[in-house]
Amino acid sequence: MRLSRRTFLAASTAAAATTACASTGGAPPSGETASSRLRTGFERLAAGGYRLLDGRRTGIVTNPTGITRDARHIVDVMHADDRVELTAVFGPEHGFRGTAQAGGSEGRHDDPATGLPVYDTYQKSGRALADIFTASGVDTVVFDIQDVGARFYTYIWTLYDCMEAARLAGKRFVVLDRPNPVTGRSAQGPVLHKEFATFVGRQPISQSHGMTVAELARLFNAEFLEEPVPLETVLMSGWRRSRFYDSSGLPWVPPSPNMPTPDTALVYAGTGLFEGTNLSEGRGTTRPFELLGAEGIDRRWAAAANDLGLPGAHFREAYFTPTFSKFQGKTVGGVQIHVHDRAAYDPVRTGIGLLVTAKKVWSGFAWRPDNWIDKLTGSARVRTMIDAGADTDEVVAGWQEELTAFRKVREEYLLYR
């Protein structure tokens, strides 16, 4: 991570964002107060008459989460508004309208509802993605996707890749902010080591980053891009770092098929690690990432997890039959996480505790053969420590120094109290 040499880039990023923040950003506009309802970046952009996009051929990177308070998609809203010259849509993993499962996208097509050309960004980056932006004919790329706060959730890396591609293509980049659904109180978990970079982690940030997409965009621009992209951010009003999603008044749209509720997002930064094991992470059930299990696991796992005294959560012995993914059609045993104190709950520590206890009580425990767990955690350390018999406290202690360093960098880019 470039922790010191890019101070001048941070300043240029802030300067580039000043116009947006002054008119549509950090301070509430006239007539609003801190106690007003939360307003997303899109709401504030629209309330300002789309002045930030005036005279611009605009393309937008979005998915089903890009909606208004009354559940209309922002592409449909903007397309119908003569004040916006919306000429292209760019779809991420799962697609613009959300028709694809994990690891899939919708491909290049024309949107039936608006007739707009939809370009596929999934698994594209660098010059290949820049060429798509150039071919689309847009001069401004807008990003509006709901994140869930975990490093290995791919939309923030779609943001990063699109920023880099917009820079290469000479395009202006605008980020419309939305809440971090699990709050922005703090960063938790291990920080990615660059040699383990993939699409589930391009750059060294912590596993639970505690930032909004606008804040991440500012950090990416100043710390990680070779040269900054012309960046503007349209911030929310009425959001505080301590707020969970259910206090926002906004409708929840699953950002991906296995993220059905804000409760899923709350646990995901920890239990998403089970994608790197041979246990089911609950895909194919109604409670993905809250239900975990495998054939041969019994009540001993829940008992061992409860004995850890992990803050904010209880663990219930559970049995379930996934309809797809691991153990499809088979009844498996495991645990269900019940979070009873969200303020105390630490998803990453909980995920580590569950890995440690699963390996202890179930002889069939195994990592995925490709060591995918290393990509999820950002290094080989978690896997090797657990294999060596380390307990939860020892594993968590292993990343504290790098986490402290990341928190200091992160602090420079926070935009909300």
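This chain has 13 helices and 12 strands (both are DSSP runs numbered from the N terminus, helices being H or I with at least four residues and strands E with at least two). Its radius of gyration is 21 Å, close to the 22 Å that the globule rule gives for 417 residues, so the chain is as compact as a globular protein of that length. For that check, the radius is taken over C-alpha atoms, and the rule is 2.2 Å times the number of residues to the power 0.38. Keep in mind that this is a predicted model: local features need pLDDT of at least 70, side-chain atom pairs count only at pLDDT 80 or more, and totals for chains, interfaces and linings use all residues. Residues are numbered from 1 along each chain as its sequence is written, and side-chain values use heavy atoms, with hydrogens and water left out.

**Overall box**
- Along the principal axes, the C-alpha atoms of the chain fill a box of roughly 65 × 45 × 45 Å.

**The sheet of 7 strands**
- This open sheet runs in the order β3-β4-β2-β1-β5-β6-β9, and its pairing is mixed (two strands pair if DSSP finds at least two bridges between them).
- At the edges sit β3 (109–110) and β9 (231–234), each pairing on one side only.
- β3 is joined to β4 (residues 117–120) by 2 bridges, and the two run antiparallel.
- Look for H109, which stands opposite V118 in β4.
- Helix α5 lies across β1 (57–62), β5 (140–144), β6 (172–176) and β9, at about 155° to β6 (angles run from 0 to 180 degrees between N-to-C directions, and axes are lines fitted to C-alpha atoms, for helices over the stretch in contact).
- Helix α6 (residues 213–224) also packs on the sheet, touching β5, β6 and β9, and its direction makes about 165° with that of β9.

**Where α4 meets α5**
- The axes of α4 (residues 126–136) and α5 (residues 155–169) come within 8 Å and cross at roughly 65°.
- α4 and α5 are therefore roughly perpendicular to each other (that label covers 65 to 115 degrees, with under 35 roughly parallel, over 145 roughly antiparallel and the rest oblique).
- On the α4 side, the contact includes L129, A130 and F133, while the α5 side includes A165, A166 and L168 (contact means heavy atoms within 4.5 Å).
- Sorted by class, the residues in this α4 and α5 contact are 8 nonpolar, 2 polar and 2 charged (Ala, Val, Leu, Ile, Met, Phe, Trp, Tyr, Cys and Pro count as nonpolar, Asp, Glu, Lys and Arg as charged, and the others, Gly among them, as polar).

**The sheet of 3 strands**
- Here the open sheet goes β10-β12-β11, and the pairing is antiparallel.
- β10 and β12 (residues 332–339) pair over 4 bridges, and L291 stands opposite Q336 in β12.
- Helix α8 (residues 300–307) packs on this sheet and touches β10, β11 and β12, with its direction at about 170° to that of β11.

**Where α8 meets α9**
- α8 and α9 (residues 347–361) pack at an angle of about 135°, and their axes are 9 Å apart.
- That angle makes α8 oblique to α9.
- R300, W301, A304 and A305 of α8 meet L354, T357, A358 and V361 of α9.
- By class, this α8 and α9 contact has 6 nonpolar, 1 polar and 1 charged residues.
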